[in-house]
Amino acid sequence: MWTVYSFTGASILASIIFSLLLFLSIDENPVMQVLFGGLAVIFELGKFFAWYEFGERRARRSYTGAASAFAFYSVLAAISIGGSVGGIQSATNQAQSHVSVQQSKINAYNMQIEAIEKQIALNNVAAQKYIQMARIATGVTRIQRENSKLRKQQQALAIERDNLPVVSQGSVLGLIDGLAKTLKVSTEAAQLGLVIFLSILLDFFAAFFVGLIGEELRFRQNFNRKHAIYVSDTTVRPSDAVLNPAHSAENATKEATVRESTTRENAASPTAGLATLALEAAHEKQTNQAESEDQLPPYDRVVGALASNAVSCSKRAIIRALKLTTDEVDAVFHQMMQEGLVSKKPNHHFQWHGVPATAEESAPMG
């Protein structure tokens, strides 16, 4: 789950940052930037809270509430995707601007070199006319000197152009150029399509992990609640004195009061005294029986509790119910598995098969 939390936090943080890039560029005033930045954060966090609430209401089968939460999420997601598109587009344009500036410098040198090449071509045309007029010594010689100067100037410009620092093209820009050539569209269209795709993917990626966290939390709550109910319904209560000392002290006080009153009644009525003695004898018998059960070996206590369906066939439930140690319960389950009283299912839970009936118990009554 820590991996899920990390991915969720990173995706939400990236979505917030890209939205901030757009919202902070709306106004240069610091106060307005703080307001727009807070608005972007509220939209982003509210969007994911709405998606989490959508999962909660759907799990509770409140479909009307789930529809309203989904509508609210859709509105915030549209705003968030628009903000992410603007932010990613701005960042991509900034990276593209460096390449564009360098390319413009190269284009300027190319234009100058091309203009010199055109001038040389015009001079050659003029030299051809001087040759036709038989003025080679005066006209052609001068044109050749001008062309020589232009050639040197052209070579110097070419050297300066080639010495410009090379701007490395980032992987994103390379991807955009590759998409533009593959889809046979302009670079701007490929860039916009890639930015929209990344923005939508980022939002759905974060929404998926937010929903995954909600599912895990709901599963954990349901499991803890069902496990607590299951244990409380199937746990054997060894004695009230162990579970609630205050309650046992109160019972002891009541018993002392009852005994005192019965002693007085016994003196007044012999018949009532006999009934009271019978009740005390039954209570003492139950107490002695509970004490004798506590003195039984762990194996007999566990088998007796499972046979009477007083506790579930689970090590944890038996440990809590009978106050046994983990080693004792492991040893008892190992012995019961060897005797065929319990078996382990594929999900590693134990199944109680019951104590096999003896020959005397299975024989029909004559």
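Glu-44 counts as buried, at 1% relative accessibility, where buried means under 20% relative accessible area, exposed over 50% and partly exposed in between (1.4 Å probe, protein chains only). The model is a predicted one, in which local features need pLDDT of at least 70 and side-chain atom pairs count only at pLDDT 80 or more, while totals for chains, interfaces and linings use all residues. Residues are numbered from 1 along each chain as its sequence is written, and side-chain values use heavy atoms, with hydrogens and water left out.

Glu-44 is the salt-bridge partner of Lys-47, with the closest N and O atoms 3.1 Å apart; a salt bridge is a side-chain nitrogen of Lys or Arg within 4 Å of a carboxyl oxygen of Asp or Glu. Lys-47 is also buried, at 0% relative accessibility. Both residues lie in helix H2 (residues 30–59), 3 residues apart, about one turn of the helix. Helices (H or I, at least four residues) and strands (E, at least two) are DSSP runs, numbered from the N terminus. An α-helix has 3.6 residues a turn, so residues three or four places apart point the same way. The structure holds 12 salt bridges.

A second salt bridge joins Glu-56 and Arg-218, whose closest N and O atoms are 3.0 Å apart. This pair links distant parts of the chain, Glu-56 being in helix H2 and Arg-218 in helix H6, 162 residues apart. Helix H6 covers residues 187–234. Arg-218 counts as buried at 10% relative accessibility, and Glu-56 is buried as well. Leaving aside residues up to four places away in sequence, Arg-218 touches Gly-55, Glu-56, Ala-59 and Gly-211, a contact meaning heavy atoms within 4.5 Å.

Glu-215 and Arg-58 also meet through their side chains in a salt bridge (3.9 Å, N to O). Glu-215 lies in helix H6 and Arg-58 in helix H2, so the pair ties together parts that are 157 residues apart in sequence. Glu-215 is partly exposed, with a relative accessible area of 40%, and Arg-58 is partly exposed at 43%. A network of salt bridges links Glu-53, Glu-56, Arg-57, Arg-58, Arg-60, Glu-215 and Arg-218.

The structure holds 12 aromatic pairs; rings of Phe, Tyr and Trp (its six-membered ring) pair if their centres lie within 6.5 Å, and planes under 30 degrees apart count as stacked, over 60 as edge-to-face and the rest as tilted. The rings of Phe-205 and Phe-209 have their centres 4.8 Å apart and their planes at 70°, so this pair is edge-to-face. Both residues lie in H6, 4 residues apart. Phe-205 is partly exposed at 34% relative accessibility, whereas Phe-209 is buried at 11%. For Phe-333 and Phe-350, the ring centres are 4.7 Å apart and the planes at 55°, so the pair is tilted. Phe-333 belongs to helix H12 and Phe-350 to strand S2 (residues 350–352), so parts 17 residues apart in sequence are tied together. Both Phe-333 and Phe-350 are buried.

Phe-7, Phe-205, Phe-208 and Phe-209 form one aromatic cluster. Phe-205 is also touched by Ser-11, as are Leu-202 and Ala-206, not counting residues up to four places away in sequence. Ser-11 lies in helix H1 (residues 2–23) and is buried, with a relative accessible area of 4%.

In helix H4 (residues 136–162) lies Leu-150, which is buried with a relative accessible area of 16%. Leu-150 touches Ile-116, Gln-119, Ile-120 and Asn-123, again not counting residues up to four places away in sequence. The C-alpha atoms of Leu-150 and Glu-117, 33 residues apart along the chain, are separated by 8.1 Å.

The buried residues of helix H11 (residues 315–322) are Ala-317, Ile-318, Ala-321 and Leu-322. They cover an arc of only 100° around the axis, which puts them on the same side of H11; the arc is that of the directions from the helix axis to the C-beta atoms. Their cover includes helix H10 (298–307) and helix H12 (326–339). Just after H11, Lys-323 takes a positive phi of about 55°.

In total, the secondary structure of the protein chain comes to 13 helices and 2 strands. Of its 366 residues, 26% count as buried.
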